[in-house]
Amino acid sequence: MSSENLNGSLETSFFNTIATVQFGHSAGNSFPRDLLNRLTAEINALSRNETVSVIILQSEGNKVFCAGASFDELLEVKNEEQGTEFFSGFAHLLNAMRNCSKIIIGRVQGKAVGGGVGIIAACDYVLAAPESAVKLSELAIGIGPFVIEPAVSRKIGKTAMTRMTLAAHEWKSAEWALQNGLYSEIHSAAELDTAILNFAQKLSSYNPEALSEMKKIIWEGTETWESLLFERAAITGKLVLSDFAKSALLQFKK
């Protein structure tokens, strides 16, 4: 099944009990709110699908995994309510990923920024290419990685998250992401898909009930996210209205 419009594309394919979900957008695989909503709905649907045991989450192309939130939509935010609503899209997606009954494998073939890093952190196991550098650039545009911070800190710890956040101008290499726990494995671009398929097939051969119970254990202690992530969305929704943020977004867009 697939859906595509001006707000990006989303396609799900099935191989035995493995579902591969691919998102895409012409602006660096960034996320307008509509695409966030569609991906969230798809993750929720696959969570309920008894014929699926493993999900692979990936994006289009070979250069960029995800450029985060849509700058065009951020510039259109006119009030705190709209801002909170937009960033709640990431909150809904992260909660869908952690609540999903299936193990989610992330395929990261290129760079990731901001919300893209949060999505990677919400995957249960991530295989990446050596070119997959990461950056949390939010402070540079007048906001902060508030919604995704719990997911990123859970994976790499507060210290590494702080280093990423405060060095908002600095790319961290794929090797750094591997050493700090954001990535599980690194494979050459030529070997990445084979490695992912082999791992997914191995996982899908395990008892689905055991995988589902393991998923619950992996995400123990995150129950507060049901409210926390939306509180964080409100903080970001307010900050994005600042003169600093508006000016910085315009500069970045240029």
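## Basis of the model

This is a predicted model: local features need pLDDT of at least 70, side-chain atom pairs count only at pLDDT 80 or more, and totals for chains, interfaces and linings use all residues. Residues are numbered from 1 along each chain as its sequence is written, and side-chain values use heavy atoms, with hydrogens and water left out.

## Overall build

The chain has 10 helices and 10 strands. These are DSSP runs, numbered from the N terminus: helices are H or I of at least four residues, strands E of at least two. The radius of gyration is 17 Å, close to the 18 Å that the globule rule gives for 254 residues, so the chain is as compact as a globular protein of that length. That radius is taken over C-alpha atoms, and the globule rule is 2.2 Å times the number of residues to the power 0.38. Along its principal axes, the C-alpha trace spans about 55 × 35 × 35 Å.

Buried residues make up 53% of the 254 residues. Buried means under 20% relative accessible area, exposed over 50%, and partly exposed in between, with a 1.4 Å probe and protein chains only. Of the contacts with a separation of 6 or more, 76% come from residues 24 or more positions apart. A contact means heavy atoms within 4.5 Å.

## Surface and charge

The chain exposes about 11,400 Å². Carbon and sulfur atoms supply 54% of that area. Accessible areas come from the Shrake-Rupley method with a 1.4 Å probe; for residues, only the protein chains shown count as cover.

There are 23 positive and 28 negative side chains. The centres of the two sets lie 4 Å apart. Lys and Arg count as positive, Asp and Glu as negative; His and the chain ends are not counted. Each charge is placed at NZ of Lys, CZ of Arg, CG of Asp or CD of Glu.

## Helix H1

Helix H1 covers residues 33–48. Its 16 residues should span 22 Å at 1.5 Å a residue, and the end C-alpha atoms are 23 Å apart, which agrees. The expected span is 1.5 Å times one less than the number of residues.

Buried residues of H1 include Arg 33, Leu 35, Leu 36, Leu 39, Ile 43 and Leu 46. An α-helix has 3.6 residues a turn, so residues three or four places apart point the same way. Arg 48 is also in H1. Arg 48 is exposed, at 62% relative accessible area. Its C-alpha lies 13 Å from that of Met 97, 49 residues away in sequence.

Most residues other than glycine have a negative phi. Asn 16 has a positive phi near 55 degrees. Asn 29 has a positive phi of about 55 degrees.

Asn 16 sits in the loop between strand E2 (8–15) and strand E3 (18–24). Asn 16 is exposed, with a relative accessible area of 65%. Asn 29 sits in the loop between E3 and H1. Asn 29 is buried, at 4%.

## Buried loop and strand positions

Ala 69 lies in the loop between strand E5 (64–66) and helix H2 (71–76). Ala 69 counts as buried, at 14% relative accessibility. Ala 69 and Asn 29 are 40 residues apart in sequence, with C-alpha atoms 9.3 Å apart. Beyond four places in sequence, Ala 69 touches Ser 30, Phe 31, Leu 74, Phe 86 and Phe 90.

Ile 141 lies in the loop between strand E9 (134–135) and helix H5 (149–166). Ile 141 is buried, at 5% relative accessibility. Its C-alpha is 5.8 Å from that of Leu 249, 108 residues away in sequence. Among the residues that Ile 141 touches are Phe 71, Phe 244, Leu 249 and Phe 252. Gln 58 belongs to strand E4 (residues 54–59). Gln 58 is buried, at 14% relative accessibility. Phe 23, 35 residues away along the chain, has its C-alpha 6.6 Å from that of Gln 58. The contacts of Gln 58 include Thr 20, Phe 23, Phe 65 and Arg 107.
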